Amino acid sequence: MKYRVRKKEKTLKGEIKLEGSKSITNRVLIIKALCHEDFDVKNYSNSEDSVTLLELINAQDQKVLNAKDGGATIRFMLAFLAIHEGEVILTGSEQLIERPIGPLVDALTSMGADIQYLGKKNYPPVLIHGKMLKPTRVDIESDMSSQFVSALLLISPILRNGLILKIKGEMVSKPYIEMTLSVMKHFGISYDWSQNMISIPRQSYSGKNFNVESDWSSASYYYEMAAFADEVDLKITGLNRVSTQGDSLIAKMMDQFGVTTTFVENGVHLTKRNVKPRIFEYDFTGCPDIAPTMLATCAGLHIPARISGIEHLKIKESNRISSMQQELLKLGAAFQRHDNTWILSPATSQSSQTNVFQTYNDHRMAMCFASLAMTGQEVIIDDPSVVRKSYPTFWNDLKKMGFEVEEAG
């Protein structure tokens, strides 16, 4: 299936209520399962990843658990199942079993976990014989994914000796580690973080009600649309001025493109100034998920970009570096590596042709290229259902904003 997306007027007005952050929701779900006290949670994410994680937590008596396409889902469940009695096979979709879990398996095994690969080493599926672990210290490589670190942190308070975690290598997506610890702190967990060492003594999670902040990653696409628009008067609800989400940096980035963020009660109000940068430069090490958004924005506005910190995008839902290279070519933009920097060289003018963008089973590819319809060009998105992974109501919300979204023959 394909969707044709159009926007007749370059205005963005109205109000969007975003669901809760997928990343925060996933952490809260694991904590809720480990906590002996019940508590209420508001504004859960309705993403496929979060729904799947909850289903797996509630189905531990099954022999095979399928994490579908969820990278965080399988990594969080791997650590969770390793400390619970029972034998289970943990697997995922054809796409997910190509995403590595080796550093996390190595760390858990060094802690005494019993985990066996059933296929290719360092990749799902795995057979887990769960049992209580009692390590004192473990080393973990984090230069591939912060999810390995977060998975260990979430289970660490209930280990018999707690855990001292030494993070080796470059700390990729550090804001996500900070998010994990912030959420744990809300539920009563104390910790000490000194340089690359995080120490968490044995303790119990306390049941406290929690409100999940809306998803800044999803909000980034409205910022992209606002950058393309001539007139903007948009409120996005549920976003906080002080956020644990690294992708909240989108507000600062987009200010260069004339998108003004005003924090109001329960959200942000976006307006537009007539300004844009001569060149966009940024290190995305801490917020890789919004790199595609910014690349599509620069290509749509014919602004060159020089970025870094995106090497680990190769092991996301798709190889986002090669995926972006292929799709940006359709806009006449070249995206190439020069030493440790990536350079976007955009076209000098906009093509009038309708572009069909492939999504590579990657939700972020679908949403960042669909937003280009705000430039006035018609776009076609192949396999639009991929947005279910993080933002299943994306297409309906576009319609609320005045976009035409219909099936393309």
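Q: How many salt bridges does the model contain?
A: A salt bridge is counted where a side-chain nitrogen of Lys or Arg lies within 4 Å of a carboxyl oxygen of Asp or Glu. By this rule, the count for the predicted model comes to 23.

Q: Are R6 and E404 buried, partly exposed or exposed?
A: Buried means under 20% relative accessible area and exposed means over 50%, with partly exposed in between. R6 has a relative accessibility of 26%, and E404 has a relative accessible area of 27%. Because both values fall in that middle range, R6 and E404 count as partly exposed.

Q: Which residues are joined with R6 and E404 into one network of salt bridges?
A: Salt bridges that share partners can join several residues into one network, as happens here. Besides R6 and E404, the members of this network are R4, K8, E378 and E406.

Q: What parts of the structure does the salt bridge between R337 and E311 tie together?
A: The side chains of R337 and E311 meet at 3.3 Å, N to O. R337 is partly exposed at 40%, and E311 is partly exposed at 31%. The two residues are 26 residues apart in sequence, so the pair ties together strand 18 (residues 334–338) and the loop between strand 17 (305–308) and helix 10 (320–328).

Q: Is the salt bridge between R320 and D362 formed by buried or exposed residues?
A: The side chains of R320 and D362 meet at 2.8 Å, N to O. R320 lies in helix 10 and D362 in the loop between strand 20 (355–357) and helix 11 (363–370), 42 residues apart. R320 has 1% relative accessibility and D362 has 0%, so R320 and D362 count as buried.

Q: Which residues does S217 touch, not counting those up to four places away in sequence?
A: S217 lies in helix 7 (residues 216–228). With a relative accessible area of 7%, S217 is buried. The residues that S217 touches are Q245, D247 and R364.

Q: How many residues of helix 7 are buried, and how far apart are its end C-alpha atoms?
A: Because 13 of the 13 residues of helix 7 are buried, the helix is largely enclosed by the rest of the structure. At 1.5 Å a residue, helix 7 should span 18 Å, and this agrees with the distance between its end C-alpha atoms. The values are thus 13 buried residues and 19 Å.

Q: Which residue is the bridge partner of T260 in strand 15?
A: Strand 14 and strand 15 (residues 267–272) run antiparallel and are joined by six bridges. In strand 15, the bridge partner of T260 is T271.

How values were computed. Residues are numbered from 1 along each chain as its sequence is written. This is a predicted model: local features need pLDDT of at least 70, side-chain atom pairs count only at pLDDT 80 or more; totals for chains, interfaces and linings use all residues. Side-chain values use heavy atoms; hydrogens and water are left out. Buried means under 20% relative accessible area, exposed over 50%, partly exposed in between (1.4 Å probe, protein chains only). Helices (H or I, at least four residues) and strands (E, at least two) are DSSP runs, numbered from the N terminus. Contact means heavy atoms within 4.5 Å. The expected span of a helix is 1.5 Å times one less than its number of residues. Two strands pair if DSSP finds at least two bridges between them.
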